[in-house]
Amino acid sequence: QVHLVESGGGSVQAGGSLRLSCVASGIPDSYNCMTWFRQAPGKLREGVAAGCVGGFSKYYADSVKARFTASPGNTKNTLVLNMTSLRVEDTAMYYCAYSSRRLYADDWNVESEYNSWGQGTQVTAVS
């Protein structure tokens with residue numbers, strides 16, 4: 001069974017930076033994707049950034065391109081999200097999700113493709 005634990009959320013001034021980490025356990029050695037989703041109050045959950053095994057392909061939501069970077073962590077099965085130039089509208093609960101499928105540009109942000117979810121970590125950017 002896959003277990004995901006997120007860390008690194010917090011509150012920062014708009015324009016600031018935060019680094020989120022997601023550590024996964026129980027992942028088999030096969031192609032998969034780990035992805036950050038977020039959900040703001042009153043809004044639908046949306047995909048933010050994905051890192052997929054196999055050349056570490058990355059996918060990003062248009063709203064975070066050039067500001068957020070997904071990368072492998074220093075330990076196995078860790079996905080890091082470096083967030084810079086944070087905006088008030090980035091405020092949300094951020095969730096890590098795991099898919100046992102190899103996902104691509106047209107389906108990386110589809111929630112139903114993901115098997116496991118973390119509990120989430122809150123990110124707040126204040127003006």
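Arg38, Glu46, Arg67 and Asp90 are linked in a network of salt bridges, and that network is a friendly place to start the tour. A salt bridge here is a side-chain nitrogen of Lys or Arg within 4 Å of a carboxyl oxygen of Asp or Glu. The structure holds seven salt bridges.

Before going further, a word on the ground rules. This is a predicted model, in which local features need pLDDT of at least 70, side-chain atom pairs count only at pLDDT 80 or more, and totals for chains, interfaces and linings use all residues. Residues are numbered from 1 along each chain as its sequence is written, while side-chain values use heavy atoms, with hydrogens and water left out.

Now for the overall architecture. The protein chain has 11 strands and zero helices, so read from the N terminus its elements run β-β-β-β-β-β-β-β-β-β-β, where helices (H or I, at least four residues) and strands (E, at least two) are DSSP runs numbered from the N terminus. The C-alpha atoms fill a box of roughly 45 × 30 × 25 Å along the principal axes. For 127 residues, a compact globule would have a radius of gyration near 14 Å, and the 13 Å of the protein chain agrees with that; the radius is taken over C-alpha atoms, and the globule rule is 2.2 Å times the number of residues to the power 0.38.

Buried residues make up 46% of the 127 residues. Buried means under 20% relative accessible area, exposed means over 50%, and partly exposed lies in between (1.4 Å probe, protein chains only). The accessible surface comes to about 6400 Å², and 49% of that belongs to carbon and sulfur atoms; the areas come from the Shrake-Rupley method with a 1.4 Å probe, and for residues only the protein chains shown count as cover. Of the contacts with a separation of 6 or more, 59% are accounted for by residues 24 or more positions apart, a contact being heavy atoms within 4.5 Å.

Charges come next. The protein chain carries 11 positive and 10 negative charges, and their mean positions are 5 Å apart. In this count Lys and Arg are positive and Asp and Glu negative, with His and the chain ends not counted; each charge is placed at NZ of Lys, CZ of Arg, CG of Asp or CD of Glu.

Glu111 and Arg45 form one, with the closest N and O atoms 3.0 Å apart. Glu111 lies in the loop between strand E9 (92-99) and strand E10 (116-117), and Arg45 in the loop between strand E4 (33-39) and strand E5 (46-52), so this pair ties together parts that are 66 residues apart in sequence. Glu111 is partly exposed at 31% relative accessibility, and Arg45 is partly exposed too, with a relative accessible area of 25%.

The side chains of Arg101 and Glu113 meet at 2.4 Å, N to O. Both residues lie in the loop between E9 and E10, so the pair ties together parts that are 12 residues apart in sequence. Arg101 also meets Asp107 in a salt bridge, at 3.8 Å from N to O. Asp107 is buried, with a relative accessible area of 13%, whereas Arg101 is partly exposed at 39% and Glu113 is partly exposed at 21%.

Arg101 turns up again around Asn32. Asn32 sits in the loop between strand E3 (18-25) and E4 and is buried at 5% relative accessibility. Not counting residues up to four places away in sequence, Asn32 touches Ile27, Gly51, Cys52, Val53, Tyr98, Ser99, Ser100 and Arg101.

Gln122 is partly exposed, with a relative accessible area of 36%. Leaving aside neighbours within four places in sequence, Gln122 is in contact with Gly9, Gly10, Thr91, Ala92 and Met93.

Finally, some backbone angles. Most residues other than glycine have a negative phi. Ala66, which is not a glycine, has a positive phi of about 75°; Ala66 is found in the loop between strand E6 (57-60) and strand E7 (68-72) and is exposed at 85% relative accessibility. Ser85 also has a positive phi, near 45°. Ser85 is found in the loop between strand E8 (78-83) and E9, and with a relative accessible area of 40% Ser85 is partly exposed.
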